Amino acid sequence: MTSPESTVNFRLRREVEGIRGFFERSWRRWWVKVLAVLAVLAAITYALVWLIFARDLPSVDKLRTYEPPMPTNVRGADGTPIHSYARERRVELSYEEYPPLLVRAFLAAEDKTFFEHHGVDYPGLAGAVVDYVSKIGSGRRAKGGSTITQQVAKNLLIGNEYSKTRKIKEAILAYRIEDALTKQQILELYLNQIALGRNAFGVEAASYAYFNKELKELDLAQLAYLAILPKGPSNYDPIRHTRRALDRRNYVLGEMLKNGFIDQAQHDQAVAEPLGAVLRQTPTTEIAGAGYFVEEVRRQLIDKFGETSEGGRNPYSVYDGGLWVRTSLDPALQADAQTALRDGLLRFDRGRGWSGPLRHVDIASGQWLPALLNTNIALDYSDWRAAIVAAVDQGGATLGFANGQTGVLPRSGAQMPVRGEGGAAFDALKVGDVIAVAPEGGSFGLRSIPKISGGFVVEEPQTGRVLAMQGGFDSSVQAFNRATQAMRQPGSTIKPIVYAAALEGGMTPASIIIDGPFCVYQGANLGQKCFKNFGNSAGAGPHTMRWGVEQSRNLMTVRAASQTGMEHVVSLMDRIGVGKYPPYLSFALGAGETTVSRMVNAYAILANQGRAHPATLIDFVQDRHGKVVWPENWHACNGCNASDWNGKAMPRPQIRGKQIVDAMSAYQMIHIAEGVIQRGTATVLRDLDRPMFGKTGTNSGPTDVWFIGGTPQMIGGVYIGYDTPSPLGGYAQGGTIAAPIFKEFALKAYDGMEKIPFRAPAGIRMVRIDRASGKPVFGAWPTSDPKAPVIWEAFKPESEPRRNARHDLADDADKPKEAKPVQRQEAPKDTDFLQRQGGIY
């Protein structure tokens, strides 16, 4: 009797023998051997493909969080768009924001079966392979044959290098992308990053570049034009290759009709339309006149974040990071500063002749428009326009403009002499000259960009925020920013800093300083150095410090610096940010070089009671998602903009300034410098009728003239001079050239602004003194007359002039007795005056 175990073993052996017999019988058939060989070859091929092509391919997972390079957008203090920094102009949209006709146009032009295939269009790929083989050795590039998914793989993952293996890599990645993303996500990536010419990447940026409209505003014909650009934007340029672009656009419209994307009526209407593209536009700032400001912002951002992402190492880079930058620029003040400086430069330059072309370029085969656009010159002064001389004959010159239009400059419109050479400017014109012109009658007249230049800066003293910056006549013509880069001798505008050091050293505004000859021995090599007043005027004898500042007396300044010690003076110049100088007396008269930006910040420190804030152009920087990435530890002031009181404590931003100058010394200096406006070298500003301080400056030559000053709300500074220092003429002074420029600005900038006096710090004593002698006065009161003999003067505690009691009693004894009693009125008190002025703080 057999056991159950032996029965099971028998059955297993029988089944195994049956299976083995099946394979042995099958293997005898030839087609089985063929299939086996093919299977092995397929496995080997798959392994080889993986080893050769797929092993090192990038992961498609990063496409889920892909962030394309985005421009940095810059806004003013009020949120107004100012400029954007970009090498790739791009505006990201979501799939839902694309017009359906746009999607259909791109499918018709690039990938008709996009929604049917799984990343690879095999018939199209086969055709591309055949085309590649047929062109081996010809030097010509084979046609694409890539689906939209393959283009995404190429553009975002493996690059555009032309090689034998790239198509295979594209196909593998496309298959993986289709597994990882939806069709809509793939199209969104494609339409946001595709290069479409004119530095536009993505369809929204291209819409602005070619039609100056939002994508949603384009019609069918314009959408179809955008769809032809991936094949080669330069091949279908709407200006240079209009016919070719029209033919290709109409082909896409025909494909849309064939695929049922549009009907016959839509097709016929679109085909009948012209291209309608605008000319390529010269990049400009969105706020006219902000060019110098935004360029300085760009420099600072690059120093902080770098230019490009460098493979992800700089996620907040200027040209890739998509930053949002809020600056301190006030567009209205910027316009006022720009206009004032330009008008001042033109006033000085008027009558000196034509300064020559802005630039000269070669015009190839009559193509003047590209040559002009490539200069990036776009004047924005009044009605002036930049034009290129396209042709010249005896009667006039043909002008070309950036909008593609032409005009005529008649000989009579260019008769001003050529500066330094003589002869009519018209005779000096050459084809290819880029010049400034303005409309005159039915033609144009030549204009001259001033050779002289300068800088203008406006700053808020309480924060250091730069509200306006103009570094020359026009940033598109003169890129050098004279507000921050031009090192110039500040002349007498340095004197308030010298006297601030003297006040810190124990002098008072009423200290008597001799305005007389002053010489110092500089050693055996240099010998004796004797200083002089401006204009070589003789000394006027002993006078108060105030008088010396108001009248800008050089001899008094060097004497005060010598008594204070030049080591202390140059130390303050260093601390206040003007510059590092050796302790020589000539630096007390402005011999050291500095910039107008530094000088404005130094005056702002004095106006802010000696507390320093570095001059800043950037309030904060956000990444593309809205997170503030600079400055570090930045916090929003919640509630600062509340329309009504919410019952909670008032928000108080933290004061981070550093005390650079003694607060009382700084106020004394401001109080003295108010006299410069009332009766000194800047009386041209007196009729502004508001609390204001300032100081004019004229350096040796004179080669530069200055004015720095302002009110508690804002400080401004201006200088003008030639880029290569040259004499301005003996008549040139800060009070006659620079101060009027500031006045033109101030008339607009301060219009409607509250009149706020400078507040004194705790401890300051206001004393009535005789303006000429500096002695205390007890029988008279200051008046509104700028030249009143009695004024209020600011003293530190225990430094004010003392009253002589015995002398006062004797004076009283000499007075005649009253014949009869009269009704006495209570004498006004100093405290009454102080209360009327809002108190002393």
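I took a disulfide to be a pair of cysteine sulfur atoms within 2.5 Å. By that rule I got one disulfide. Before going on, I noted that this is a predicted model, where local features need pLDDT of at least 70, side-chain atom pairs count only at pLDDT 80 or more, and totals for chains, interfaces and linings use all residues. Residues are numbered from 1 along each chain as its sequence is written, and side-chain values use heavy atoms, with hydrogens and water left out.

Which cysteines are joined? I found Cys-519 bonded to Cys-530, S to S 1.9 Å. The two sit eleven residues apart, Cys-519 in strand 13 (residues 518-521) and Cys-530 in strand 14 (residues 528-531). Strands (E, at least two residues) and helices (H or I, at least four) are DSSP runs, numbered from the N terminus. The S-S torsion is about 110°, so I logged the disulfide as right-handed.

Next I checked accessibility. Cys-519 is partly exposed at 35% relative accessible area, and Cys-530 is partly exposed too, at 39%. Buried would be under 20% and exposed over 50%, with partly exposed in between (1.4 Å probe, protein chains only).

Then the helices. Helix 15 (residues 495-504) packs on helix 20 (residues 663-679) at about 135°, axes 9 Å apart. Axes are lines fitted to C-alpha atoms over the stretch in contact, and angles run from 0 to 180 degrees between N-to-C directions. For the contact itself (heavy atoms within 4.5 Å), I listed residues including Tyr-499 and Leu-503 of helix 15 and Met-669 and Ile-672 of helix 20.
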